[in-house]
Amino acid sequence: MDVSALLTSAGINIGICVVLVSLYSILRKQPSNYCVYFGRMLSGGRVKRNDPRWYERFAPSPSWLVKAWETTEDEMLAAAGLDAVVFIRMVICSIRIFSVVAVVCISFVLPVNYYGPMMEHKEAHLEPLWVHCLSLYIISSAACALLYFEYKTIAKKRLAYIAASSSKPSHFTVLMRAVPQSPDQSYNETVREYFTNYYAPSYLSHLMVYRDGIIQRLLNDAEKMRQAIKHVSPDVSCTPSLKSCNFCTGPGPTKSFQILSDEAGSVKKLELDELTLTTTEEERPVAFVFFKTRYDALVASEVLQTSNPMLWVADLAPEPHDVYWKNLKVPYRQLWMRKIATLVGAVAFMFVFLLPVTGIQGLTQLKTLSKNFPFLRPLLKGDIMNRVITGYLPSVILVLFFYTVPPLMMYFSTLEGCISRSLRKRSACIRVVYFTIWNVFFVNILSGSVIRQLSIFSSVKDLPAQLAKAVPTQAGFFMTYCFTSGWAGLACEIIQPVGLIWNLIARVIVKNKDASYETLRFPYHIEIPRLLLFGLLGFTNSVIAPLILPFLLIYFFLAYLIYKNQIINVYITKYESGGQYWPIFHNTTIFSLILSQVIALGFFGLKLSTVASGFTIPLILLTLLFSEYCRQRFAPIFQKYPAEILIAMDRADEITGKMEELHNNLKAAYSQIPLCSQESSKAGCSPPCSDQELPGSEQLKPENLEAEMLKAFQRSKSSHDLEVKSCPSGSPCRYSPGFAEIYKRT
């Protein structure tokens with residue numbers, strides 16, 4: 001790509017960034033947009049809605065940048081959890097690594113490449129190659145050292161996170177799947193008999209997992225009705241009464257129908273200690289088994305329960321709000337088939353995606369474009385149009401196509417059978433990383449040689465040379481991709497266009513004056529792969545085409561400020577993985593570093609420099625040894641809980657007398673029908689009983705509201721018979737009065 005096309009792409013994207021960031025600094029001050037740009041703070045009730053003066057509201061200001069810069073790591077940890085801190089540490093680590101890379105390569109490699117004896121700007125030079133080799137050693141040493149210290153720091157943070165989460169019910173709970181079926185007794189009795197027999201000293205109790213039944217439908221329907229009532233007229237508050245109500249049809253009494261408020265009498269305050277279905281067919285061969293100590297649960301989750309590994313499969317349970325209940329109903333014997341099927345589907349989609357990627361490459365070649373599309377020849381005659389098509393349009397089209405990848409990979413991770421929401425998102429993150437590296441890097445640089453000429457696969461030893469030839473030719477495209485996906489992508493992230501448009505529709509078209517809002521979770525499966533891709537581009541181009549490095553550094557600095565602002569203001573944490581995204585970052589960075597060394601090896605081989613090639617091979621081996629050391633030293637911390645920490649927590653709770661209280665809360669925490677209180681709902685509590693997030697409110701007419709509620713409850717009641725047992729204390733379970741009235745009428 002020529003310089004003019006590159007400058008055109010840079011100018012367009014810089015203009016987009018400046019406009020969107022300036023617009024954000026104005027829109028965030030408008031009270032009507034608080035629900036878009038301060039979702040996290042609104043959910044916690046921490047936003048003071050003081051309207052600024054009119055001239056301040058429409059003047060751009062950098063105050064949000066200062067606030068993001070001043071936010072400390074401890075504040076982020078308290079507000080958003082360890083995953084958010086780890087993500088920001090990824091950005092900081094990238095800044096540190098590529099600051100060193102940029103200084104070394106721009107100071108030494110770039111002058112040699114552009115002012116060497118051959119003076120050919122599009123090709124690497126014959127000598128002096130020792131500069132490139134020395135720079136490669138400095139880059140590799142600095143990257144490994146920074147990765148080691150960062151891995152060590154984050155491992156300490158994870159251990160501190162485990163030690164600080166002393167009240168988590170997941171530490172006492174084991175998820176037992178593949179419970180064997182017995183013709184003489186139910187799954188519930190089988191689980192009780194097994195653990196009473198083999199784990200009598202440590203077994204506390206258990207809770208079976210049921211199919212979706214009447215209770216789940218009642219709760220979901222009640223939530224829909226509550227939201228509908230809330231949005232019909234938020235200014236009207238109805239209380240249980242025999243008088244006519246605005247939401248009820250016709251004059252006269254309400255026929256004992258009661259509108260449930262969001263206060264103490266709400267369905268959200270419903271407390272049911274134990275609900276069971278009358279038919280044992282509703283039980284699933286899955287149970288949450290509770291143990292008396294954390295160490296007992298850890299031991300039970302690690303050992304093989306029987307001689308058949310496909311029965312009594314034990315894992316430490318995820319946190320209650322992290323459980324993905326839908327996948328608990330999947331038979332354990334299907335999981336290996338699902339993993340194979342999703343792997344095949346993901347690989348197939350990767351190859352299908354070759355079509356748009358290879359088509360995009362044609363846009364960068366004017367001769368091929370004019371030949372294949374003759375009707376475009378008049379447009380291609382102008383210099384400005386040529387620059388836009390070759391410099392800006394290819395990266396934009398590729399970015400648009402990539403918007404389909406994360407949702408599809410999330411769907412594959414769901415089909416795979418992940419038992420927790422955090423595991424599902426982490427699995428999708430890994431898939432997107434593989435997909436991005438293959439389709440953005442390898443397919444783009446090899447589309448001209450590998451796809452058309454598959455001779456590279458006949459000899460693996462030619463791969464480094466092919467990569468060394470292809471990377472410099474695509475350096476311009478990678479720069480424009482950094483502008484479009486990196487710079488402009490960050491500007492779109494901070495402006496939140498989808499949320500802004502939806503809020504505008506809700507207020508202007510739907511006429512919703514209520515300050516309702518949808519809280520979002522941070523898209524780790526989208527942002528981490530993007531961050532890792534730019535790291536890969538930085539390493540692989542560092543020795544051959546280092547001009548991309550300053551643009552990457554600008555992206556990392558912008559990402560640091562923008563993502564911190566989004567984490568502390570917009571995104572809410574509903575579940576936590578405990579920093580388990582860091583090994584993905586570390587392993588992918590090591591892969592990128594080794595790939596850059598392989599490309600350098602091919603580069604030295606093309607120049608017939610045996611000395612430089614000889615020095616590169618030991619460097620690759622040393623990097624692999626470093627990776628293996630980190631895997632042995634730190635990776636287990638992110639996979640298991642240390643026994644000494646759990647034992648210390650058990651002893652502390654026994655001394656302080658908290659153990660009994662923790663035991664009493666275990667069943668309520670993992671019940672399939674727990675209902676969050678109003679306070680926990682404000683904090684972002686997501687009902688674990690639902691297989692997915694609660695749907696948005698449905699706009700029902702007031703005159704049809706009662707009929708729709710009665711139909712929903714009638715439909716749920718007719719599906720199954722329900723048996724309500726007494727609470728453990730002997731007193732009957734408490735119902736909301738309105739809930740009881742509606743249930744009696746059905």
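Modeller: A salt bridge is a side-chain nitrogen of Lys or Arg within 4 Å of a carboxyl oxygen of Asp or Glu. Please keep in mind that this is a predicted model, in which local features need pLDDT of at least 70 and side-chain atom pairs count only at pLDDT 80 or more, while totals for chains, interfaces and linings use all residues. Residues are numbered from 1 along each chain as its sequence is written, and side-chain values use heavy atoms, with hydrogens and water left out.

Colleague: What makes the meeting of D315 and R177 a salt bridge?

Modeller: The side chains of D315 and R177 meet at 3.1 Å, N to O, and the limit is 4 Å, so the pair qualifies. D315 lies in strand 5 (residues 313-316) and R177 in strand 1 (residues 173-177), and the two are 138 residues apart. Helices (H or I, at least four residues) and strands (E, at least two) are DSSP runs, numbered from the N terminus.

Colleague: Why is R177 called buried, and why is D315 called partly exposed?

Modeller: Buried means under 20% relative accessible area, exposed means over 50%, and partly exposed is in between, with a 1.4 Å probe and protein chains only. R177 has a relative accessible area of 10%, and therefore it is buried, whereas D315, with 28%, is partly exposed.

Colleague: How do you know that R294 and D650 count as buried?

Modeller: R294 has 0% relative accessibility and so counts as buried, and D650, at 5%, therefore counts as buried too. Their side chains meet in a salt bridge of 2.8 Å, N to O. This pair also links distant parts of the chain, with R294 in helix 11 (residues 294-302) and D650 in helix 28 (residues 643-656), 356 residues apart.

Colleague: What separates E628 from R631 in helix 27?

Modeller: E628 and R631 are separated by about one helical turn, because they are 3 residues apart in helix 27 (residues 610-633). Their side chains meet in a salt bridge at 2.6 Å, N to O. E628, at 35% relative accessibility, counts as partly exposed, and R631, at 47%, counts as partly exposed as well.

Colleague: How many salt bridges does a search of the whole structure find?

Modeller: The search finds 11 salt bridges.

Colleague: What makes a set of residues a nonpolar core?

Modeller: The set must consist of buried Ala, Val, Leu, Ile, Met, Phe, Trp, Tyr and Cys residues joined through side-chain atoms within 4.5 Å. The largest nonpolar core has 134 residues, and those with the most contacts inside it are F87, M90, F441, Y555 and W582. Helix 7 (residues 82-115) gives the most to this core, with 17 residues.
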